[in-house]
Amino acid sequence: MSEELLYPLLWLIPVAPLASAIVTALLGPKVLKYRSHLPCWSALAVSFLSSLVLLYSLPSVDSQANKPEIWRAGEDATAQAEQPAGEAATAQPESTDGGSAASGESEESRLAAAVAALKAKSDAEPKVGPEIVAFGFEWLHVGKLEVPFELRVDSISAIMLSMVTGVSLLVAMFGSGYMHHDAGYPRFFAAVSMFVFSMCMLVMANSFVLLFVFWEMVGLCSYLLIGFWFHKPSAAAASKKAFVVNRIGDFGLIMAIFLIWTSFGSVSFSDVLGNPATIARLHSVAPSLMPAICFCLFLGAMGKSAQFPLQVWLPDAMEGPTPVSALIHAATMVTAGIYLVARCTPLFEYAPLVQLTVTGTGAITAALAALIALTQTDLKRVLAYSTVSQLGFMFMALGCGAAGAELVTPAVTAGMFHLFTHAFFKALLFLAAGSVMHAMGDVIDMRRFSGLKRALPITHWTFLVGAAALAGVPLLAGFWSKDEILAVLIAAAKTSQYGLFFGIVLVIASLTALLTAFYTFRAYFMTFCGPEKFPEEAGHHPHEATPIMAWPLRILAVSALLIGLAVGPTHLFAGYLQRTTGLTPVEGHFHLDVMALSVFIATTGIGLAWMLYVAMPTVPAKIATVLKPFYALSQGKFFLDEILLVLVVFPLRAIAWLSTLFDRLVIDGLIDGVARVPRTLSDRLKGLQGGPVTAYAGVMWIGMVAAVVLAMTLL
Amino acid sequence: MQALLFITLAIPTVTAVLLMLFRSSLATANARWVAVCGGSLALLCSVFLLARYHSAGAMSLESGMKPLTSTVSPDSVLQPKVEYVHTWLKSGRMQLDLYFGVDGISVAMIALTTLLTVSAILISWESIQDRAAEFYAALLLLETGLVGVFCSFDLILFYVFFEMTLIPLFFLIAVWGGKERKWAAVKFFLYTLAGSLVTLSGLIYVVLYASVDPTGPANLTSLPALSAWLKAHPIPAQLQTTLFIAVSMGFLIKVPVFPFHTWLPLAHVEAPTAGSIVLAGVLLKLGSYGFLRICLPLFPEASVAIGLPVIGLLSVIGIIYGSLCALAQTDIKKLVAYSSVAHLGFCMLGLFALNTEGITGSVLQMINHGLSTGALFIIVGMIYERYHTREMSEMSGLATRLPRIAVFMVFISMSSIGLPGLNGFVGEFLSLAGMFRANPVYSALGTTGVILGAWYLLTAVQKVFFGTLVEPHHGDHDVDDMNPREFLAIAPLAILCLWIGVKPGPLLDMIRPDIKAVVDHLEKVPRNAAEGAPSETPAVEASAE
């Protein structure tokens with residue numbers, strides 16, 4: 001598709017859901033009522049199709065030709081808008097020879113060139129992947145701060161966009177069945193549309209500030225949807241917690257933006273990330289700058305992507321309707337942190353210590369969450385902790401660039417690939433759990449039902465596919481991406497500099513993968529196998545998902561089965577992603593050793609779960625009594641919430657209470673004290689004028705004596 | 001356009017006088033209609049003024065039409081346009097002018113004042129039954145005073161209007177307030193009066209200082225003339241610092257900056273809803289407006305030497321301390337009052353960043369805080385009117401009973417905690433960004449207020465509107481959701497919140513030249529501290545070429 005046609009398409013992606021949100025919010029309660037899903041469906045379908053077209057046509061966009069124009073646009077945004085597309089077309093011939101020559105080169109020489117380019121990064125010409133930039137309007141322009149409302153799509157955002165819109169469309173379809181006859185039906189679809197708009201804008205934003213705007217907007221949508229059933233006190237508390245904890249991360253992001261702005265003089269991605277030379281120069285002038293920026297960025301990512309110790313909000317967020325958990329708290333919003341760190345790779349390359357922090361935090365989070373997931377009995381909570389754990393996996397991968405420049409691109413690729421596959425199978429698992437919940441009359445405690453295999457056949461097989469994909473069963477989605485992560489960790493562990501660190505992380509990652517397979521299948525066996533048992537809320541005949549719920553499940557299950565195979569070993573995903581500015585294309589490998597390892601891990605985990613929950617169902621209880629303290633620790637979620645409460649919330653509340661006391665007694669007391677001075681003085685002086693003539697005479701006498709003495713001493 | 005300005009100033013005054021004249025013969029029902037007509041007319045005029053001002057600015061840029069010009073010398077830091085000068089007293093070197101005028105900042109502040117006054121009248125519709133005519137007269141006189149401050153460019157005129165606002169608000173609190181109203185009114189009045197007397201003495205000294213110099217300006221009390229003269233003949237540093245502190249006193253108390261804030265929660269809690277709206281929405285801004293109009297132009301060196309480090313620090317403390325105090329409140333009105341302390345901390349933080357981003361953010365924050373806190377007080381007022389309590393522990397889950405109010409509460413809270421896309425973000429972000437250039441540590445500390453802000457306000461939302469429905473005891477009558485009159489009072493504020501957040505451009509364009517003049521002036525002051533200004537490093541420029 002020609003470039004001129006891509007611009008309207010670019011705008012269509014966010015604008016369609018926005019329009020749907022507005023229409024549904026205004027007309028929903030009175031006019032649309034239980035037809036409120038229609039605007040949402042159509043808008044998401046439009047966005048999804050546009051994203052696919054964009055995904056397909058982006059590689060052919062010649063950004064070498066229009067790149068200088070875009071940079072000039074950063075200087076003067078209006079010039080970019082005026083710049084006719086024809087001009088870009090005329091500039092094309094000059095650079096096409098460069099592009100075709102590159103593609104004609106053999107694999108080896110390209111790799112060699114890439115490595116050479118990496119080594120000579122500081123004085124290399126900026127490497128530019130295909131990208132489209134569309135200027136909207138001047139949003140904020142004050143002094144030296146310039147934030148145009150500008151969209152930018154490059155490879156990484158095109159992938160994110162297709163994933164986000166695709167999953168949202170399926171979730172919206174499922175949601176119309178799931179939320180069927182809920183009083184807040186229009187509100188649900190208005191918020192979901194708003195969320196998709198914000199999420200699309202988040203990945204399309206062309207500056208750190210605009211990204212932050214939509215970073216917060218997705219947070220708002222999350223707040224509104226977690227608290228969807230606001231009459232439930234737990235939901236109300238969870239939504240507030242999510243927002244406030246996220247704000248802690250946002251603090252870091254704001255600081256990062258300020259640091260970037262003051263050092264680079266710009267907040268636009270094109271200016272900041274597209275210029276390796278500038279980054280290198282700034283780094284040589286102020287060596288602590290990049291680590292500071294990256295640490296602040298990572299703090300932001302920790303909040304949104306629920307990394308230790310800010311992970312506390314995500315499990316509570318399950319108070320929201322299950323489709324929301326699938327969409328926002330598993331597939332899309334929570335991965336924004338990964339996206340941010342991956343996007344800022346050119347900065348992180350100069351901050352190896354922060355990269356190690358990223359990996360370390362990811363490892364701690366992944367292990368901790370997996371250990372907690374072992375003993376949870378709430379199906380959605382198991383999935384929530386597994387999301388936290390998988391996000392940890394992605395961060396583990398992202399930090400591997402610390403081990404060497406040649407690992408940067410594989411590390412980002414692995415993290416992003418896992419993000420991509422995870423979105424499908426985790427959304428699938430949540431929706432299937434939602435289907436269980438729907439059938440069980442909103443009961444989600446796995447102890448209260450079992451053997452649902454026969455009653456819910458579609459839910460059963462789709463859940464099984466999702467669980468297998470999460471556990472890393474060969475050929476399924478999770479298998480390929482987890483392999484990539486393990487492979488990159490092994491490569492990092494082999495390097496000399498941080499070999500030991502990455503070695504430890506590798507061990508943690510393997511054990512966590514084992515735990516993952518175990519707890520996922522524990523949940524599967526507890527729910528679908530064993531004797532058939534329904535809670536009384538379910539009524540006599542639990543009903544299987546209606547077609548509108550079943551089809552999204554089927555589609556997602558097929559995706560979870562095939563998507564990894566389609567884009568993993570074929571190197572399609574990696575090849576596409578690596579054309580993002582800041583990454584260097586590298587050759588894909590098959591890591592047979594890693595595959596063997598992960599097959600072993602998956603089968604061990606699943607086998608263990610089968611032994612404990614199918615073959616010998618009495619054993620888990622015995623293990624629980626034997627390992628009581630550990631069991632309690634895991635079931636109590638390591639008491640992280642309580643620790644947070646004692647260490648942060650209570651002290652702050654106490655300080656707050658002391659502040660008001662201080663305000664009333666000390667500050668206000670002082671003010672009132674000062675105000676009382678005139679009255680006190682007047683009370684004292686008043687006494688002198690009471691009218692006793694003798695006293696007056698006495699004072700007069702003293703005065704006269706004093707005057708005489710004074711006069712004599714002076715003379 | 002001068003005529004429009006005068007009409008805006010005259011309508012509330014005339015309406016107030018009419019109300020007072022016919023107070024005995026006017027029933028409550030009629031008095032409020034008279035008031036709302038007067039208020040709306042003033043609003044209409046100020047909107048016309050705003051539109052004319054804005055389009056004149058835009059046209060001069062595009063079509064080369066004659067722009068709005070100022071008669072004052074180009075040296076002046078203040079460039080009022082649409083001026084009206086009338087000398088009414090002349091004696092020796094002393095000359096007193098009625099010097100009215102507006103620039104971009106004042107035009108916006110005037111529109112905010114008239115808008116909030118109409119909202120305040122609408123929200124008092126049912127709740128004020130006793131002496132309604134007097135009530136509305138006081139409210140409209142307050143409006144006159146506020147509009148007067150924003151359009152006077154003569155020191156004496158400024159001061160007269162500045163103090164004039166105290167009297168109607170004193171009566172609003174003392175007559176129509178809560179239980180402790182007398183004490184609150186007296187404290188408010190005396191405290192702010194004491195502060196502004198110190199300010200007055202400082203201003204008198206400045207005028208005398210100019211008058212003894214033979215080269216002094218012809219009109220000693222004209223703010224533009226004075227600022228132009230002081231630009232050429234700066235006051236010695238030592239004296240400037242003393243004068244800065246003296247003149248600041250009244251403004252610091254008015255804003256209020258920590259630790260001068262204790263009158264505010266008391267006044268808010270005791271004031272009737274309308275009083276709180278105007279007090280928080282506009283009256284507090286007289287302080288920051290005073291800093292912007294008087295302290296920064298007249299005492300630039302002292303602003304850099306004292307303002308940035310000291311007032312900056314006090315603002316940071318105000319943000320954190322105000323937020324913490326808000327967190328501990330159980331009375332929702334007191335919570336909003338303390339949140340004002342925090343929000344005005346952002347406003348002052350931006351102002352004393354003394355750069356374009358900061359001051360722009362500060363001016364936006366003045367407007368934004370007026371809109372969002374005004375709206376919050378409206379909501380608190382609506383709840384109080386229905387349940388006669390403001391204790392958060394006595395109610396919960398009101399969203400079930402009052403869904404429309406709940407929607408507005410969530411919306412306005414989001415605006416207040418600075419959610420991007422709404423107005424609060426733009427002001428806060430710019431203020432913090434500006435301060436980051438001037439002093440990154442203050443900025444980082446101030447940013448923690450963003451976390452605390454979300455905490456206390458969302459806690460309030462959660463307690464009052466979410467959870468299981470618990471209603472405080474209220475008679476046998478049914479409690480209704482927001483009615484059209486209340487909707488009319490709050491909806492314009494909400495729309496403006498959204499509009500400024502999504503498209504701040506027009507507003508920014510309007511205030512840009514005025515802020516540029518101040519910043520240009522301030523930037524001439526040598527600063528010894530190493531500044532973290534956005535680098536115009538060769539690197540960035542080279543890459544852009």
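Q: What does the domain assignment of chain A give?
A: It gives domain 1 (406-634) and domain 2 (644-714) of chain A. Such bounds come from an automatic or database domain assignment.

Q: How far apart do the C-alpha centres of domain 1 of chain A and domain 2 of chain A lie?
A: They lie 73 Å apart. This is a predicted model: local features need pLDDT of at least 70, side-chain atom pairs count only at pLDDT 80 or more, and totals for chains, interfaces and linings use all residues. Residues are numbered from 1 along each chain as its sequence is written, and chains are lettered from A and ligands numbered from 1 in the order in which they are written.

Q: OK, how many helices and strands are there in chain A?
A: Chain A has 30 helices and two strands. Helices (H or I, at least four residues) and strands (E, at least two) are DSSP runs, numbered from the N terminus.

Q: What box do the C-alpha atoms of chain A fill?
A: Roughly 115 × 75 × 65 Å, along the principal axes.

Q: How many residues of helix 16 of chain A are buried?
A: Eight of the eight, residues 336-343, so helix 16 of chain A is largely enclosed by the rest of the structure. Buried means that 20 or more other C-beta atoms lie within 10 Å of the residue's own, with C-beta atoms placed from the backbone. Among the buried residues are Tyr339(A) and Arg343(A).

Q: And what share of chain A counts as buried?
A: 56% of its 715 residues.

Q: New topic. How many residues does the contact take from chain A and from chain B?
A: It takes 50 from chain A and 49 from chain B. Two residues are in contact if their C-beta atoms, placed from the backbone, lie within 7 Å.

Q: Which helix of chain A gives the most to the side that touches chain B?
A: Helix 10 of chain A, with 16 residues. The side of chain A that touches chain B divides into 29 nonpolar, twelve polar and nine charged residues. Ala, Val, Leu, Ile, Met, Phe, Trp, Tyr, Cys and Pro count as nonpolar, Asp, Glu, Lys and Arg as charged, and the others, Gly among them, as polar.

Q: How do the axes of helix 1 and helix 2 of chain A cross?
A: They come within 9 Å and cross at roughly 165 degrees. Axes are lines fitted to C-alpha atoms, for helices over the stretch in contact, and angles run from 0 to 180 degrees between N-to-C directions.

Q: Are those two helices of chain A roughly parallel or antiparallel?
A: Helix 1 and helix 2 of chain A are therefore roughly antiparallel, a term for angles over 145 degrees.

Note on methods
A residue is buried if 20 or more other C-beta atoms lie within 10 Å of its own, exposed if 12 or fewer, and partly exposed in between; C-beta atoms are placed from the backbone. Angles under 35 degrees count as roughly parallel, over 145 as roughly antiparallel, 65 to 115 as roughly perpendicular and the rest as oblique.
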